[in-house]
Amino acid sequence: MEHQKLKAFPKHFLWGSASAAYQIEGAWNEDGKGKSVWDEFVTIPGKTFKGTNGNVAVDHYHRWKEDIQLMKEQGLKAYRFSVAWTRVFPQGRGEVNQKGLQFYIDLVDELIVNNIEPVLTLYHWDLPLALQEEYGGWENRNIIDDFVNYAETLFQTFRNKVKYWVSLNEQNVFTHQGWQIATHPPGKKDTQLFYNVNHIANLVNAKVIQKFRELEMPGMIGPSFAYTPQYSIDSDPKNILAAENAEELLANFWMDVYVYGEYPSVILQALKEQGITIDIQSGDMEILRAAKPDFLGLNYYQSATNAWNPLDGVSNGDHYQMNTTGKKGTSTESGVPGIQKTVENPFVETTNWDWTIDPMGLRIALRRMNSRYRLPILITENGLGEYDKLEDGQIHDSYRIDYLEQHVKAIQEAISDGVEVIGYHTWSYTDLLSWLNGYQKRYGFVYVDQDETMTGTLQRIPKDSYYWYQKVIQSNGETL
């Protein structure tokens, strides 16, 4: 719909930005921190771009006060960060590592002193290596109790300080890449195991939310989902069905469980025909149904377009290529035979990493989530990963400003449509290690002198986009 006048952003809208522990902190073995699966995975040749790792990252562990000062000067209202489980419990369980926990206590206190709302993510992919080695990590139900124990420690520590909690970040990403295409730890390709791992992760998410309720925690909790709205390439009913299949398989399969505690029946039937069964044990579904979140976190970067894919069609097999180099056009077709295949959308541009640039897709995502789930939505990630060039001590990233401006407008249009959006966190605050893509793929408002050689000065330089967002925040979204 087209509005004669757009609604204003809510008075207490959370204008924020985001990060993840492994991607920014560094200090990978300091102050008693244990090893995570990522500390180990990056040592495997060929797994990351030019062998980059997070041993130093952008040294946020030692420069957090400087980073928060930049946030304060920008006027940031909220900062989403993740806790490294291995700083709190180096072996995943046992005695609390007080030095590691104190880092986050100091971080949260400093944010609050500077009137920045802390948004705490419990898990952003850095599983303790000890748990992976002991019992297979996410492959074993033992992780449920260990994760809930870890979460309860943080709940008790930050009661009355942290109001917004993200339980799991992008469960669909870390399970798919870890157990289907082997690009994340533990680097396996086992579709049956993937579905069992994902079910255990659903139980973890539910039990953590139940613990939050049991402790009568003030505030709100919910998972953060990487949602890519699916389109049909045209109005051919077969292609529309393919897009419906993709939406069920790649979105509803997770969010329906989060909100309703149910897996979509059409996907269960499709899995049955493939000989795949989810290890659902007695009482599991009751646990999932009893853990409705307070909000849904949305990580939005792109949309995808679909066409019909026959049983002998394209698959995410050994020939699938993900673009992790920044060489435009190097990603390959992907799909699930008999379900869908992803094709090029002629109506949208793409980044150098072949991600579509589709601001209206964010509005569509918000509308779909609102219509299906009727929950508040917290946008936990949205941003542009691109090459940035330092010129005379400045970074003129007009392309990022244009990207963010269009997406902020899409949020306002969704709010005008009647969607409840409580905040917007850009990805990311500072430049950081982009997991598989190294340091050349930059997302931040703040440039950090760090590259693939990992020998930079780590100097912080605000980009043009930093000052643009400052004005957006000051005007509560009126000045774009």
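Helices H9 and H10 cross in a right-handed sense (a crossing is right-handed if the near helix is turned clockwise from the far one by less than a right angle, left-handed if anticlockwise). The model is predicted: local features need pLDDT of at least 70 and side-chain atom pairs pLDDT 80 or more, while totals for chains, interfaces and linings use all residues. Residues are numbered from 1 along each chain as its sequence is written, and side-chain values use heavy atoms, without hydrogens and water.

The axis of H9 (residues 191-214) comes within 10 Å of that of H10, at a crossing angle of roughly 35°. Axes are lines fitted to C-alpha atoms, for helices over the stretch in contact, with angles from 0 to 180 degrees between N-to-C directions. Helices (H or I, at least four residues) and strands (E, at least two) are DSSP runs numbered from the N terminus.

On the H9 side, Phe194, Tyr195, Asn198, Asn202 and Asn205 meet Leu249, Phe253, Trp254, Val257 and Tyr258 of H10, contact being heavy atoms within 4.5 Å. Seven residues of this contact are nonpolar, three are polar and none is charged (Ala, Val, Leu, Ile, Met, Phe, Trp, Tyr, Cys and Pro count as nonpolar, Asp, Glu, Lys and Arg as charged, the others, Gly among them, as polar).

The sheet is open and mixed, with four strands in the order E6-E8-E10-E9; strands pair if DSSP finds at least two bridges between them.
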